[in-house]
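This report describes selected packing features of the structure shown below.

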Amino acid sequence: MNVHEYQGKALLARYGVRVPRGEVATTAEKAGEIARDLGSAVCVVKAQIHAGGRGAGAMVDTEAEAAAVFHDNLEREGLPKHARKGGVRVVKSPAEALEAARSILGKLLVTRQTGASGREVRRILVEEGCDIGRELYLSVLLDRSCGRVAIMASPAGGMDIEKVAEETPEKIFRESIDPAVGFQAFQARRLALGLGVREEKLDEWVKFFQAIYTAYVDLDCSLLEINPLVETKDGSLIALDAKVSFDDNALYRHADVRELRDEHEEDPKERQAAKFDLSYIALNGNIGCMVNGAGLAMATMDIIHHHGGAPANFCDVGGGATTEKVAEAFKIILADASVKAVFINIFGGIMRCDVLAQGVVEASKQVGVKVPLVIRLEGTNVEEGRRIIGASGLNIITAADMADGARKAVEAAAAAA
Amino acid sequence: MSILLSSKSRVVTQGLGATGKFHLKGCRDYGTQMVAAVRPGKGGTSWEDTPIYDTVADAVKHQGVDVSVIYVPPPGAADAIMEAAEAGIALIVCITEGIPAADMVKVQRYLEGKPSRLIGPNCPGIITPGQAKVGIMPGYIHKPGRIGVISKSGTLTYECVHQLTQLGIGQSTCIGIGGDPIIGSGFIDLLRLFNDDPDTDGVFMLGEIGGAAEVDAAAWIKANMKKPVAAFIAGKTAPAGKRMGHAGAIISGGKGTAAEKIAALEAAGLKVAPSPADIGSTLVAAMKG
């Protein structure tokens, strides 16, 4: 689960991490008031969406404009720069803050990470400006290769860290944390020394790094990234941005974090699917997929592609695949108007194929599936399962195996398109 | 023989809820020695003739168990793994899906220097066809033989095994290593065992997007593996930044794509199935050299 920058900063502040003074607003008037109350000569107005690249992104009015800017200017590196204003503005008065907020709130912000549709901006963060000495990079993440938490720091702040890692790996300093004893001061010192920090300042940096690590562990984060981390001209440290993601598996023990969920930032269909314990992800193709098991579901998308088709979604109905789940999955898949055919690929292991077939038949009757339906069943009691499908009176195309099913689904979708 | 699991293995079930009971039965019906269960506070009772103990250590003491299978729900699963390790269980198979990553970081550290091997979590388990199965896979699709299978997935493994069996190719041992970011045993750990197993002639590896385990395995295979290995990587068409069902199946920062994994495996000389329908035929081709 992801949260907004302002929420991430509020959480970090609890652990003693210094962040710029500021407040969130949902109206331009409120944004102006916040700027006035901050009383700072310079303020920053920042659009709050769950995607990076906001500063370099573009504010647009319509989805068509969003798509145009995305494809012409943002989609990949090396494209010409766009001439529009982005989602982060530096302002010099409350009036300017109000004006900036007005041109951001309710509009679409399209960035490299939002995709072509952009994201509507509903909240805006107004913060005091700070006197930037230099910009650094700091992150805490899970290192899958060794099963430990790692901390990364770099003097190359404000940049794309993957690029830094590729082009100048010597600019990245990394510490791996032993969970039995936690993040040690000597490790934090080593990071600070790598960033060129000298004697009297070391303690403050060590404390800052340790606070960040404590927040990561305490809150069960999966990623905590501060980019840029600012060292001000008078030598203090401020988290100028904060990207915080949480481990979904650990949310059950963090009621306060769960409350920070912003459903507007999530795909409504994915959210609906999650309610029924289905795993659904929308894609761009026209063949709806319904599969039991995540690995097989990915493989099903791949085989559709292999036969020249394009999957409309990833959908894992789980090992069980009950009538209720299958019916819900149908509803979600068919709500996508671009779906021209549905391919159901089920390997009944513990769950018997006759039970699964019964579920599919009932669910398709309930939902009233109008597009061609291709089904491939394999596993326990498969003959009985196929018999149930055949006797259902429904117009279902049965497939002998996965490849046959994919081919038939691709043909059916092409014929219907 | 086979690796890790045989007809001699004696298994304790941790987590005797509905799921645990269902699969205890399934494994017992397959012929596995399901000789004990653990349910704290219920020690001294039994379920369908299976004696129940308060602790794993008690089950070891009274039943000589050397394998544990865990169905304990996520909040208590890490604790269950550590209890099994502390009791000296040689093979711990954790089926539970949804364990917090932070808990697994601790488990990993706890297991360091201990002789226990962990399989999973978030996996279907392990089976040595014709001898024993520990986990939730359908036993009958398997066939005793000489090919090892290592997989990050559940139903995709069944698909793979089914294709092999249809072609008359039996399996020595099949292991689901799990789809989480932190797992007990990875591809390399198990490839090493298959490499040394006189009754395994070749291995099929089922990987997916996310992490770099398949890329690391490719390098290890190139340097060490004496037997043919074939592979399939799921998720060629997966979009970046989205979690594809499994907690670990995510392309992040442009890393962990199927394309980069396939390239690494092919560069190491492996045959990679172009589509999931070609798993069986790709293995056949690999075995012919």
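## Overall description of chain A

Of the 417 residues of chain A, 54% count as buried, where buried means under 20% relative accessible area, exposed over 50% and partly exposed in between (1.4 Å probe, protein chains only). This is a predicted model, in which local features need pLDDT of at least 70, side-chain atom pairs count only at pLDDT 80 or more, and totals for chains, interfaces and linings use all residues. Residues are numbered from 1 along each chain as its sequence is written, chains are lettered from A and ligands numbered from 1 in the order in which they are written, and side-chain values use heavy atoms, with hydrogens and water left out.

Chain A contains 14 helices and 19 strands; helices (H or I, at least four residues) and strands (E, at least two) are DSSP runs, numbered from the N terminus. The C-alpha trace of chain A spans about 80 × 50 × 40 Å along its principal axes. Among the contacts in chain A with a separation of 6 or more, 71% are accounted for by residues 24 or more positions apart, a contact being defined by heavy atoms within 4.5 Å.

## Helices 10 and 14 of chain A

Two packed helices are described by the angle between their axes and the distance between the axes. For helix 10 (residues 294-306) of chain A and helix 14 (residues 402-416) of chain A, the axes come within 9 Å and cross at roughly 55°. Axes are lines fitted to C-alpha atoms, for helices over the stretch in contact, and angles run from 0 to 180 degrees between N-to-C directions. Helix 10 of chain A and helix 14 of chain A are therefore oblique to each other, since angles under 35 degrees count as roughly parallel, over 145 as roughly antiparallel, 65 to 115 as roughly perpendicular and the rest as oblique.

On the side of helix 10 of chain A, Leu296(A), Ala299(A), Thr300(A), Ile303(A) and Ile304(A) meet Met402(A), Ala403(A), Ala406(A) and Val410(A) of helix 14 of chain A. The contact of these two helices has 8 nonpolar, 1 polar and no charged residues. In this classification, Ala, Val, Leu, Ile, Met, Phe, Trp, Tyr, Cys and Pro count as nonpolar, Asp, Glu, Lys and Arg as charged, and the others, Gly among them, as polar.

## Helices 7 and 8 of chain B

In chain B, the axes of helix 7 (residues 213-224) and helix 8 (residues 258-267) come within 8 Å and cross at roughly 0°. Helix 7 of chain B and helix 8 of chain B are therefore roughly parallel to each other.

Glu214(B), Val215(B), Ala218(B) and Lys222(B) of helix 7 of chain B meet Glu260(B), Lys261(B), Ala264(B), Leu265(B) and Ala267(B) of helix 8 of chain B. By class, this contact comprises 5 nonpolar, no polar and 4 charged residues.

## An aromatic pair

Over all chains the count comes to 3 aromatic pairs. Rings of Phe, Tyr and Trp (its six-membered ring) pair if their centres lie within 6.5 Å; planes under 30 degrees apart count as stacked, over 60 as edge-to-face and the rest as tilted. The ring centres of Trp205(A) and Phe209(A) are 6.1 Å apart and the planes stand at 85°, so the pair is edge-to-face. Both residues lie in helix 7 (residues 199-218) of chain A, 4 residues apart, about one turn of the helix, and both are buried.

Cys353(A) lies in helix 12 (residues 353-367) of chain A and is buried, with a relative accessible area of 0%. Not counting residues up to four places away in sequence, Cys353(A) touches Gly348(A), Leu377(A), Glu378(A), Gly379(A), Thr380(A), Asn381(A), Val382(A) and Gly385(A).

Cys27(B) is found in helix 1 (residues 18-30) of chain B and counts as buried at 0% relative accessibility. Leaving aside neighbours within four places in sequence, Cys27(B) is in contact with Thr32(B), Met34(B), Lys133(B), Val134(B) and Gly135(B).
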